[in-house]
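Student: I am new to this structure. Could we go through it in questions and answers?

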Amino acid sequence: MLKKKKSSEIPRNIILIILAVGMLVIFFSADPFKKKNALQEDNMFTGKMIQKIVFVGQLKGKELDLSKEETKKLKQFMAQKGELFQQVKVDVSKQDSYVEMTGKTQVLFSLEMEMHDGATVKTPPTRTTRKDLVNRMIWKISKEATGYENLRIKPKGDSKMKKLITS
């Protein structure tokens, strides 16, 4: 009687071990804390493009609700100018946090651009509407990149520029 009990325990234990390992694999493969920004959700960008523009602040991801046309514009712009930047952080927030998000909603955005040479360019908040956000972002990034390139070519004063705060 004792031998029969042991012989039925071994397969049961093996099945329990396999179930436990399976549960661990499922648990560690699901990452519920992984945050995605608006550019990652559309899956239109290559791995390098996703990491170039990061939305931080009050509005990001689904709250920002970028359309496919807007992500396409950002992708095209970063394909042209992306080699200058290591990363561009965009802090977007609503002017009035109680207003429902529409195309006419006033938003504020500021940029923090980390350049490939280690310098950082920060901009003050810029007011625009949600509808014009991507166009204004592209304009502002382009303007700051041009100014940075001009300063880098013809440095004024200290040639080891590491931080630039613009207006």
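Student: Which residues does R130 contact, leaving aside its neighbours within four places in sequence?

Tutor: This is a predicted model. R130 is found in the loop between β5 and α5. Leaving aside neighbours within four places in sequence, its contacts include M101, T102, G103, T105 and V107.

Student: Is R130 buried or exposed?

Tutor: The cut-off for buried is under 20% relative accessible area. R130 has 7% relative accessibility, so R130 counts as buried.

Student: Which side chain does the side chain of R130 join in a polar contact of 2.9 Å?

Tutor: A polar contact needs a pair of N or O atoms within 3.5 Å. The pair here is 2.9 Å apart, and the partner of R130 is E70.

Student: E70 is in α4. At what angle do the axes of α4 and α5 cross?

Tutor: Two packed helices are described by the angle between their axes and the distance between the axes. Helix α4 covers residues 68-81, and helix α5 covers residues 133-153. Their axes come within 10 Å and cross at roughly 10°.

Student: What does that make α4 relative to α5: roughly parallel or roughly antiparallel?

Tutor: Angles under 35 degrees count as roughly parallel. The axes cross at roughly 10°. That makes α4, relative to α5, roughly parallel.

Student: Where is L133, and is L133 buried or exposed?

Tutor: L133 has its place in helix α5. Its relative accessibility is 0%, so L133 counts as buried.

Student: How far apart in space are L133 and L64, C-alpha to C-alpha?

Tutor: L133 touches L64, V92, V107, F109 and T128, not counting residues up to four places away in sequence. L133 and L64 are 69 residues apart in sequence. C-alpha to C-alpha, their separation in space is 9.9 Å.

Student: T128 is on that list. Which residues does T128 touch, not counting those up to four places away in sequence?

Tutor: T128 is found in strand β5, residues 126-129. It counts as buried because its relative accessibility is 8%. Not counting residues up to four places away, T128 touches T105, Q106, V107, F109, L133 and R136.

Student: What share of the residues in the protein is buried?

Tutor: The protein has five helices and six strands. Along the sequence they follow the pattern α-α-α-β-α-β-β-β-β-α-β. Of its 167 residues, the buried share is 31%.

Notes. Residues are numbered from 1 along each chain as its sequence is written. This is a predicted model: local features need pLDDT of at least 70, side-chain atom pairs count only at pLDDT 80 or more; totals for chains, interfaces and linings use all residues. Side-chain values use heavy atoms; hydrogens and water are left out. Axes are lines fitted to C-alpha atoms, for helices over the stretch in contact, and angles run from 0 to 180 degrees between N-to-C directions. Helices (H or I, at least four residues) and strands (E, at least two) are DSSP runs, numbered from the N terminus. Angles under 35 degrees count as roughly parallel, over 145 as roughly antiparallel, 65 to 115 as roughly perpendicular and the rest as oblique. Contact means heavy atoms within 4.5 Å. Buried means under 20% relative accessible area, exposed over 50%, partly exposed in between (1.4 Å probe, protein chains only). A polar contact is a pair of N or O atoms within 3.5 Å; within protein, one must be able to donate a hydrogen and the other to accept it, and residues adjacent in sequence count only if both atoms are side-chain atoms.
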